[in-house]
Amino acid sequence: MERPRSVGMAWYEAEDYGRLRAVMHDADRLPASYDGWVISAEQLEREVTRSGVSVIRVRLTPDAFLAWCAARDLPPDGAARARFATEAVAQADEGQPAAMDR
C-alpha cells in the first residue's frame, strides 16, 4: 500500500470549539480546552509531516459538519471527522468545492 502524499486533518477555530465539543458523540476524547487541542493537533501535524506526508488543515465548523454527518447518516465522532477531512482533500484534488463549502 502506497503512503499518501497528503492527508486531511480536521481543524477547528477557537470560536467553534465549545460548540463542537457539545455536539460530538466522543467529546470526552477531545481536550477540554481549545488551547489543549491546538497543542495536541500541532504535535500530531509535526509527526505526520516528519514522516514525509503533508498535512492539509480542513476547517470543520459545527453547522457544516453536522449537516455533512446527517446527509451520510453518520454520528458526529472521530471517525466522521477523519472522513470529512479526507473527503475534503480528495475533492480539492479533483478540483471540486470542498464539502464544507457546499
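These are my notebook entries on a predicted model of a protein.

**Ground rules**

I number residues from 1 along each chain as its sequence is written. The model is predicted, so I take local features only at pLDDT of at least 70 and side-chain atom pairs only at pLDDT 80 or more, while totals for chains, interfaces and linings use all residues, and side-chain values use heavy atoms, with hydrogens and water left out.

**Layout**

I looked up the fold elements and got four helices and two strands. Helices here are DSSP runs of H or I with at least four residues, strands are runs of E with at least two, and both are numbered from the N terminus. Read from the N terminus, the order is β-α-α-β-α-α.

Next came burial: 35% of the 102 residues are buried. My cut-offs are under 20% relative accessible area for buried and over 50% for exposed, with partly exposed in between (1.4 Å probe, protein chains only). The protein exposes about 6,300 Å², and carbon and sulfur atoms supply 50% of that; the areas come from the Shrake-Rupley method with a 1.4 Å probe.

I also checked contacts (heavy atoms within 4.5 Å). Among those with a separation of 6 or more, 63% join residues 24 or more positions apart.

**The core**

Which residues have the most contacts inside the largest nonpolar core? I found Tyr 12, Met 24, Trp 37, Leu 60 and Phe 65, in a core of 24 residues. Such a core is a set of buried Ala, Val, Leu, Ile, Met, Phe, Trp, Tyr and Cys residues joined through side-chain atoms within 4.5 Å. The elements giving two or more residues to this core are strand 1 (6–11), helix 1 (14–23), helix 2, strand 2 (54–59), helix 3 and helix 4. Helix 4 gives the most, with five residues.

**Rings**

I counted nine aromatic pairs. Rings of Phe, Tyr and Trp (its six-membered ring) pair if their centres lie within 6.5 Å; planes under 30 degrees apart are stacked, over 60 edge-to-face, and the rest tilted. Tyr 12 and Trp 37 make a tilted pair, 4.6 Å centre to centre with 45 degrees between the planes. Tyr 12 is in the loop between strand 1 and helix 1 and Trp 37 is in helix 2, 25 residues apart, so I log the pair as a link between distant parts of the chain. Both residues are buried.

Ring pairs also tie Trp 11, Tyr 12, Tyr 17, Tyr 34 and Trp 37 into a cluster. Leaving out residues up to four places away in sequence, Tyr 12 touches Tyr 17, Leu 20, Tyr 34, Trp 37, Leu 60 and Arg 81.

**Helix 3**

Phe 65 and Trp 68 are stacked, at 6.1 Å centre to centre and 15 degrees between the planes. Both lie in helix 3, three residues apart, about one turn. Phe 65 is buried at 0% relative accessibility, and Trp 68 at 5%.

The buried residues of this helix are Pro 62, Phe 65, Trp 68 and Cys 69. Why do I put them on the same side of helix 3? Because they cover an arc of only 135 degrees around the axis, taken from the directions from the helix axis to the C-beta atoms. The face turned away from the buried side carries the exposed Asp 63, Ala 70 and Ala 71.

Glu 45 in helix 2 (residues 34–50) counts as buried because its relative accessibility is 14%.
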